[in-house]
Amino acid sequence: QVQLVESGGGLVQPGGSLRLSCAASGSICRISVMGWYRQAPGKQREMVASISSGGKPNYLDSVEGRFTIARGNAENTVDLQMNSLKFEDTAVYYCHAEGLQRNLRRFDVWGQGTLVTVSS
């Protein structure tokens, strides 16, 4: 089993910054991609940013230049630095990871979600 634990959500004013962190634990052989998705009320879940095992990032157009995804200092962690936050960034943010377990079975898991609210 592989689990994801997220941290770092909260309330921030427009133009402010927040940092989200996600840590994967369990029987992990290799993580092929980790990323962050978000879901605002009444909207579909969308990919915000992801990073491959090779370190290549991928961003939603509306966050490019404001958000930065990077592997954390600890193994199997990923951080999302969010700057210049806007009202429309308000959503529940979910960490996601895909990869291979030690028993050679693939995994595709989600975190429990962390709320980011941008409000004045």
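Select Tyr37: with a relative accessible area of 22%, Tyr37 is partly exposed (buried means under 20%, exposed over 50%, partly exposed in between, with a 1.4 Å probe and protein chains only). Before moving on, note that this is a predicted model, in which local features need pLDDT of at least 70, side-chain atom pairs count only at pLDDT 80 or more, and totals for chains, interfaces and linings use all residues. Residues are numbered from 1 along each chain as its sequence is written, and side-chain values use heavy atoms, with hydrogens and water left out.

**Stop 1: the aromatic pair**

The rule: rings of Phe, Tyr and Trp (its six-membered ring) pair if their centres lie within 6.5 Å; planes under 30 degrees apart count as stacked, over 60 as edge-to-face and the rest as tilted. The count by this rule is 1 aromatic pair. Tyr37 belongs to strand β4 (residues 28–39) and Trp110 to strand β10 (residues 106–110), 73 residues apart. Strands (E, at least two residues) are DSSP runs, numbered from the N terminus. Trp110 is partly exposed, at 37% relative accessible area.

**Stop 2: Arg45**

Now show Arg45. Its charged end sits over the ring of Trp110, 4.7 Å from the centre. The charged end of Arg45 also sits over the ring of Tyr94, 3.8 Å from the centre. Here, a charge sits over a ring if NZ of Lys or CZ of Arg is within 6 Å of the ring centre and within 35 degrees of the ring normal.

**Stop 3: the hairpins**

Go back to Tyr37 and look across to Met47, its bridge partner in β5. β4 and strand β5 (residues 46–52) run antiparallel, joined by 6 bridges; two strands pair if DSSP finds at least two bridges between them. In this hairpin, 6 residues lie between the strands, and Gly42 has a positive phi near 75°.

Follow β5 onward. It pairs with strand β6 (residues 57–59) in the antiparallel sense over 3 bridges. Ile51 stands opposite Pro57. Gly55, in the hairpin of β5 and β6, takes a positive phi near 95°.

**Stop 4: the cysteines**

Select Cys22 and Cys95. A disulfide (cysteine sulfur atoms within 2.5 Å) joins them, S to S 2.1 Å. The S-S torsion is about -90°, so the disulfide is left-handed. Cys22 is buried at 2% relative accessibility, and Cys95 is buried at 0%. Finish on Cys29, which is in no disulfide; the nearest cysteine sulfur, that of Cys22, is 18 Å away.

Definitions and conventions. Helices (H or I, at least four residues) and strands (E, at least two) are DSSP runs, numbered from the N terminus.
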